[in-house]
Amino acid sequence: MYQYDEYDQRIVDERVAQFADQTRRYLAGELTEDEFRPLRLQNGLYIQRHAPMLRIAVPYGNLNSKQLRTLAHIARTYDRGYGHITTRQNIQFNWPRLEDVPEILDLLAKVQMHAIQTSGNCIRNVTSDPFAGVAADEIVDPRPWCEILRQWSTFHPEFAFLPRKFKIAVNGAKEDRAVIRVHDIGLDIVHNAAGELGFRVLVGGGLGRTPIIGEEVAAFVPWQQILNYCEAILRVYNLHGRRDNAYKARIKILVKALGVPEFARQVEEEFAHLKDGPSTLTQAEIERVASRFNDPVLSALAQDAGYRARLAEDKAFAAWARRNVRDHRVQGYASVVLSLKPYGVAPGDLTADQFDAVAELADRYAFGEVRSTHEQNIVLASVREADLFALWQDARAIGLATPNIGLLTDIISCPGGDFCALANAKSIPIANAIQDRFDNLDYLFDIGELEINISGCMNACGHHHVGHVGILGVDKNGEEFYQVTIGGEQGNQTTLGKVIGPSFAAAEMPDVITSLINNFIDNRQDDERFIDTVRRIGVESFKTRVYAERAARLEAKEIAHV
Amino acid sequence: MSDIIKNGRVHVDEWTVLRLAEGDEAATIVLPAGRVIVPLAVWQARREELLPKAEAGVLGVWLAGNEDPTELAGDLSALPLIAVDFPKFADGRGYSIATLLRTRLGYGGELRAIGNVLRDQFFFLLRCGFSVLQPQEDKYTPAQLEAALASLIDFTEPYQGAVDRPEPLFRRQPRRPLHKEAA
């Protein structure tokens with residue numbers, strides 16, 4: 001992964017000093033609550049339901065074992081022994097004390113980490129494909145581009161106080177695994193007809209209370225110009241985005257108001273002035289940044305016979321390999337997903353001991369590196385096939401080998417009402433109740449690929465709009481209810497799900513999912529996935545089934561009470 | 001008189017910022033004596049009358065966040081001072097306005113940040129081309145303002161180019177590649 005140079009280190013060190021002083025002035029009463037709020041937010045520090053929450057940046061999801069051990073130490077020392085992987089690949093701690101935060105940031109800086117711009121109305125952590133650099137379908141490794149964008153956006157003086165938060169994602173593969181269509185800027189690395197490298201630029205995607213799929217603003221921006229082009233987009237947004245209403249302040253609202261052609265025209269007009277300016281990238285700079293990713297140099301290995309023999313004889317191992325192991329671009333290697341979705345645990349949570357244990361696995365099997373995913377799991381990018389069995393055994397021993405990646409129980413969930421001050425309803429207990437209902441692995445495998453995404457409020461941190469099944473917590477007269485959407489999808493065919501009807505009480509949710517699954521099983525053709533069946537037969541059939549079975553349940557309950 | 005920050009030091013200000021109150025008319029409002037910074041609307045309503053004052057170095061113009069700096073494109077050489085108002089410190093439009101004045105329009109005179117100007121934004125303001133920072137009167141004690149000068153240099157080598165240092169870090173400093181070893 002990327003190794004800091006002296007300048008990267010200096011900027012992070014100076015940030016620690018700056019924030020320590022800001023915190024001191026706040027505690028001394030020199031900074032008001034309102035003045036301190038954006039400063040602490042731009043350091044990832046929220047005031048939450050129980051305590052401050054600190055969100056630590058994991059640039060495009062890359063972590064090394066040393067960093068994981070520091071996170072373990074932080075979890076143990078300053079938190080209640082665990083941390084949480086977010087849907088933007090970052091890591092959150094839910095229980096630090098404000099007074100301790102400067103010290104935590106200092107510890108992070110020592111392992112090339114920080115919490116810069118993980119919240120606030122600024123350019124946030126750039127996200128990308130967790131399989132970047134190793135995916136078999138990769139066109140160009142997005143990580144150096146992500147790092148260049150990270151550096152450009154870090155303390156960008158003109159864009160530190162935007163109308164609202166701003167998220168950028170980069171995809172470099174044939175299949176988009178970075179959900180670029182629901183980002184403020186989605187960058188797709190492409191080649192033009194002449195074979196030159198550049199970016200297809202999507203703008204104005206986003207979930208939240210007004211979910212919108214990003215639209216193409218430029219079909220091809222040459223790579224040399226990408227920072228100039230982004231600057232043009234950000235300047236148009238900074239000057240013209242709405243600041244009178246936080247709910248209408250995202251760039252997607254500006255793009256909708258102007259229309260894509262007019263927005264694109266304004267960006268082009270701005271870009272004309274910036275093109276070929278000092279921020280224009282050079283081949284030497286790209287190569288330099290790429291060189292600072294000290295990836296292992298892998299040469300193809302013979303396919304491992306022992307691995308294949310194990311697959312044939314050990315059913316549990318084979319099940320794990322089928323769900324949690326992915327092809328690698330180099331023969332003899334594989335990528336492994338450690339599931340953070342065992343039953344009964346908050347999706348994406350890791351204990352301090354697990355952070356340490358994952359560090360150990362990374363050192364032993366994966367060249368000391370891991371990736372966090374927006375699905376809230378952990379990826380070991382490069383593992384020798386010959387090591388997979390041993391890795392599986394070790395991962396199982398620490399509870400991270402649930403063979404459910406991409407299945408119904410691999411639920412994406414925000415922290416919800418148990419932690420988050422914004423939430424209307426709890427998320428984690430719903431995820432756990434669903435996991436509990438579907439605890440039969442054979443049945444899960446039979447159901448096949450299914451993504452359930454849960455958000456505790458319309459801010460949509462759990463990406464519910466793009467879940468095959470989306471669950472949204474809503475408040476009805478002070479009570480927690482859940483609205484269900486189906487037919488959403490992430491990736492190249494990103495689609496927003498459709499609401500099936502009136503919302504449900506928390507206790508009904510496992511039954512609702514059962515009704516959806518039963519309708520799918522009754523209607524599916526061959527090996528169709530749930531989402532394909534929804535596409536083919538439409539939402540109506542699912543809706544009818546869910547509400548008919550619900551009515552029957554309510555009636556049965558009444559009879560029982562007579 | 002409020003204190004201002006200029007060239008890394010605290011100075012006593014000699015200018016008065018004129019703001020239109022409810023009912024004030026740009027065309028008729030009486031200008032205070034001495035050096036004055038008038039709203040764009042006043043400048044536009046009375047340009048002919050005010051131009052000699054600007055040229056004499058005693059009148060400047062301030063822009064609100066929703067005002068287009070190109071409105072002043074023809075007056076830049078006459079104006080000794082342009083100010084940009086920050087109605088709230090978290091309203092970042094002024095950073096883009098300043099950047100456009102400096103880079104696009106080539107304005108070389110005094111560029112002043114006024115309004116809700118706080119020390120924790122000093123670094124960003126300087127980078128976007130402001131040459132004078134004017135915190136609200138009485139916001140800081142003299143000692144606090146002296147201490148706040150430290151915030152002007154929060155970061156010594158920022159990554160990206162901006163008005164103060166147009167070249168990004170990779171063009172300003174030699175940054176080294178990392179040499180790989182085979183695994």
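This is a predicted model: local features need pLDDT of at least 70, side-chain atom pairs count only at pLDDT 80 or more; totals for chains, interfaces and linings use all residues.
## Chain B: make-up and sheet

Chain B has six helices and eight strands. In sequence order its pattern is β-β-β-β-α-α-β-β-α-β-α-β-α-α. The C-alpha trace of chain B spans about 80 × 40 × 30 Å along its principal axes.

The eight strands build an open sheet. Its order is S2-S1-S8-S7-S6-S5-S4-S3 (chain B), and the pairing is mixed. Strand S2 (9-12) and strand S3 (15-17) of chain B are the edge strands. Each has a single partner strand, so one side of each is left without a neighbour in the sheet. For S3(B), the link to strand S4 (residues 35-39) of chain B consists of three bridges, and the two strands run parallel. Within S4(B), B:Val36 is the residue opposite B:Thr16.

Helix H3 (residues 93-104) of chain B lies across strand S5 (59-63), strand S6 (81-86) and strand S7 (110-115) of chain B. The helix runs at about 160° to S6(B).

## Chain A: a five-stranded sheet

Chain A contains an open sheet of five strands. The order is S1-S2-S5-S4-S13 (chain A), with antiparallel pairing. Which strands stand at the edges? They are strand S1 (45-47) and strand S13 (349-351) of chain A. Each pairs with a single partner strand, so one side of each is left without a neighbour in the sheet. From one strand to the next, the twist averages 25°.

Strand S2 (residues 52-56) and strand S5 (residues 91-93) of chain A run antiparallel and are joined by three bridges. Here A:Arg55 faces A:Gln92 in S5(A), the two standing opposite each other. Helix H3 (residues 65-78) of chain A lies across S2, strand S4 (82-85) and S5 of chain A. The angle between this helix and S5(A) is about 20°.

## Chain A: domains

Chain A is divided into domain 1 (6-109), domain 2 (134-290), domain 3 (305-397) and domain 4 (412-561). The C-alpha centres of domain 2 and domain 4 of chain A are 33 Å apart. Twelve residues of domain 2 of chain A are in contact with twelve residues of domain 4 of chain A.

These two domains of chain A, domain 2 and domain 4, bury about 1,100 Å² between them. Carbon and sulfur atoms account for 61% of that area. How many salt bridges are there between domain 2 and domain 4 of chain A? The count is zero. Three residue pairs are in polar contact across this interface of domain 2 and domain 4 of chain A.

## The interface of chain B and chain A

The size of an interface is often given as the accessible area lost when the parts come together. Chain B and chain A bury about 4,300 Å² between them, with 56% of it on carbon and sulfur atoms. B:Phe155, B:Tyr159 and B:Arg175 supply 17% of the area that chain B buries against chain A, more than any other three residues. In contact terms, 44 residues of chain B meet 55 residues of chain A.

Side chains of opposite charge can pair when their charged atoms come close. Seven salt bridges cross the interface of chain B and chain A. B:Asp120 forms a salt bridge with A:Arg25, and their closest N and O atoms are 2.7 Å apart. Across the interface of chain B and chain A, 26 residue pairs are in polar contact. Three elements of chain B give two or more residues to the side that touches chain A: H3, helix H4 (122-127) and helix H6 (169-172). H3(B) provides the largest share of that side, seven residues. This is the helix that also lies across S5, S6 and S7 of chain B.

## Salt bridges overall

Over all chains, the structure holds 65 salt bridges. One within chain A pairs A:Arg143 with A:Asp295, the closest N and O atoms being 2.6 Å apart. The pair links distant parts of the chain, 152 residues apart. A:Arg143 is in helix H5 (residues 143-153) of chain A. A:Asp295 is in the loop between helix H9 (283-291) and helix H10 (305-313) of chain A.

Notes
Residues are numbered from 1 along each chain as its sequence is written. Chains are lettered from A and ligands numbered from 1 in the order in which they are written. Side-chain values use heavy atoms; hydrogens and water are left out. Two strands pair if DSSP finds at least two bridges between them. Helices (H or I, at least four residues) and strands (E, at least two) are DSSP runs, numbered from the N terminus. Contact means heavy atoms within 4.5 Å. Axes are lines fitted to C-alpha atoms, for helices over the stretch in contact, and angles run from 0 to 180 degrees between N-to-C directions. Domain bounds come from an automatic or database domain assignment. Buried area is the accessible area (1.4 Å probe) that two parts lose on being put together, summed over both. A salt bridge is a side-chain nitrogen of Lys or Arg within 4 Å of a carboxyl oxygen of Asp or Glu. A polar contact is a pair of N or O atoms within 3.5 Å; within protein, one must be able to donate a hydrogen and the other to accept it, and residues adjacent in sequence count only if both atoms are side-chain atoms.
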